[in-house]
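Colleague: I would like to learn how to read a structure such as this one, feature by feature. Please give me the general idea each time, then the case at hand.

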Amino acid sequence: MKFDSVSLSCPICDEKLEKENKTLHCSNGHSFDLAKEGYVNLLLSNQKKSKNPGDNKLMSASRREFLNSGAYFPLVERVTQLINLKYKNTTSPLSIVDAGCGEGYYMDAINKLVENTTNFIGFDMSKDAIKLAAKRYKEIDFFVASINNVPILSTSTDCIISIFSPINVKEFSRILKDDGILITVTPNKKHLSGLANIIYDKAKEHDSKIGNLEGEYFDLEKNDILTFTLNLDNNKDIMNLFRMTPYYYSSSKEKSEKVNDLTTLETTIDFEINIFRKK
């Protein structure tokens, strides 16, 4: 698509962005060039807390390799089922945003299974991740931005997907249509318990209430739990899983070496999936 049918707004003045050749520009003269990979950077320098915010190259590449193995495909199927069920009687094209899309795996996989005609767009704070996404998934538009300043026009989005990503309820509510929904995927109590038990002497359960966003902006419409056992039989997949999680960066050298020596791993995969409706 390459930004021909999306509702992006200027991160400087909030006016609608229009595409002309390989540039997005607004009526106030602000312009943003498409990178050679096909994405656009709409993250302003004063919105960054570090030079290269978001996931680094190693984490993004590891996530791509692990997810492409199909290990989390049951999650893709479940989220797609929820979207198809929600919009089964909808005939007009949907606008779906993946907030914190990373390297784009989930958005591409869902795009191939969703029944409605859909305009997909994904954004992430990590330029490294967005570069990977834009290079591979040419049918989807990707841009760099923060969840705290989402450069999308107000009330223009049918559905937001947030998979293991931070959430800004005020911004997400703003860009959703009046009947829009937010689908969140967060780790449930036992998620990756097999890996955590190797890394920590006393592994703590995840706080499953992390996905609870009921309040001023959203009502909970549906709560769903997806749990299955994952058996990995090679060190490459194990290390890709390890490197794409925060465990990799918080583990001691001794514990990291222990994971690096593994050739098999059995772990529980435990997702909490919530659908929130905009108030």
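Modeller: A patch of positive charge on the surface is formed here by Lys36, Lys57, Lys135 and Lys138. Keep in mind that the model is predicted.

Colleague: Where does lysine 57 lie, and is lysine 57 buried or exposed?

Modeller: Lysine 57 lies in helix H1, which covers residues 57–68. Exposed means over 50% relative accessible area. Lysine 57 has 62%, so lysine 57 counts as exposed.

Colleague: Next, salt bridges. How many does the structure hold?

Modeller: A salt bridge is called when a side-chain nitrogen of Lys or Arg comes within 4 Å of a carboxyl oxygen of Asp or Glu. The structure holds 11 salt bridges. One of them joins the side chains of arginine 78 and aspartate 224, at 2.9 Å from N to O.

Colleague: Which parts of the chain does that pair link?

Modeller: Distant ones: arginine 78 sits in helix H2 (residues 73–86) and aspartate 224 in strand E10 (residues 218–232), 146 residues apart. Arginine 78 is partly exposed at 22% relative accessibility, whereas aspartate 224 is buried at 15%.

Colleague: Why is aspartate 224 called buried?

Modeller: Buried means under 20% relative accessible area. Aspartate 224 has a relative accessible area of 15%, so aspartate 224 is buried.

Colleague: What does the salt bridge between lysine 177 and aspartate 158 look like?

Modeller: Their side chains meet at 3.2 Å, N to O. Lysine 177 belongs to strand E9 (residues 176–187) and aspartate 158 to strand E8 (residues 157–163), so this pair ties together parts that are 19 residues apart in sequence. Lysine 177 is partly exposed, with a relative accessible area of 28%; aspartate 158 is buried, at 10%.

Colleague: And how should I read the pair arginine 174 and glutamate 171?

Modeller: Look at the element as well as the distance. The side chains of arginine 174 and glutamate 171 meet in a salt bridge of 2.8 Å, N to O. Both residues lie in helix H5 (residues 169–175), three residues apart, about one turn of the helix. Arginine 174 counts as partly exposed at 27% relative accessibility, and glutamate 171 as buried at 13%. Salt bridges can also share partners, and in this way Lys86, Glu221 and Arg277 are joined into one network.

Colleague: Is leucine 176 buried or exposed?

Modeller: Leucine 176, in strand E9, is buried, with a relative accessible area of 0%.

Colleague: Last, what does the UniProt record annotate over residues 94–206?

Modeller: The unreviewed UniProt entry carries the annotation "domain: Methyltransferase" for residues 94–206. In the model, the end C-alpha atoms of that span lie 33 Å apart, and the span is 29% helix and 32% strand.

Conventions:
Residues are numbered from 1 along each chain as its sequence is written. This is a predicted model: local features need pLDDT of at least 70, side-chain atom pairs count only at pLDDT 80 or more; totals for chains, interfaces and linings use all residues. Side-chain values use heavy atoms; hydrogens and water are left out. Patches are made of residues with over 30% relative accessible area and no salt bridge: like charges are joined within 9 Å, nonpolar side chains (Val, Leu, Ile, Met, Phe, Trp, Tyr) within 5 Å. Accessible areas come from the Shrake-Rupley method with a 1.4 Å probe; for residues, only the protein chains shown count as cover. Lys and Arg count as positive and Asp and Glu as negative; His and the chain ends are not counted. The place of a charge is taken as NZ of Lys, CZ of Arg, CG of Asp or CD of Glu. Helices (H or I, at least four residues) and strands (E, at least two) are DSSP runs, numbered from the N terminus. Buried means under 20% relative accessible area, exposed over 50%, partly exposed in between (1.4 Å probe, protein chains only). UniProt positions are given in the numbering used here, feature names are shortened, and annotations may be inferred rather than shown by experiment.
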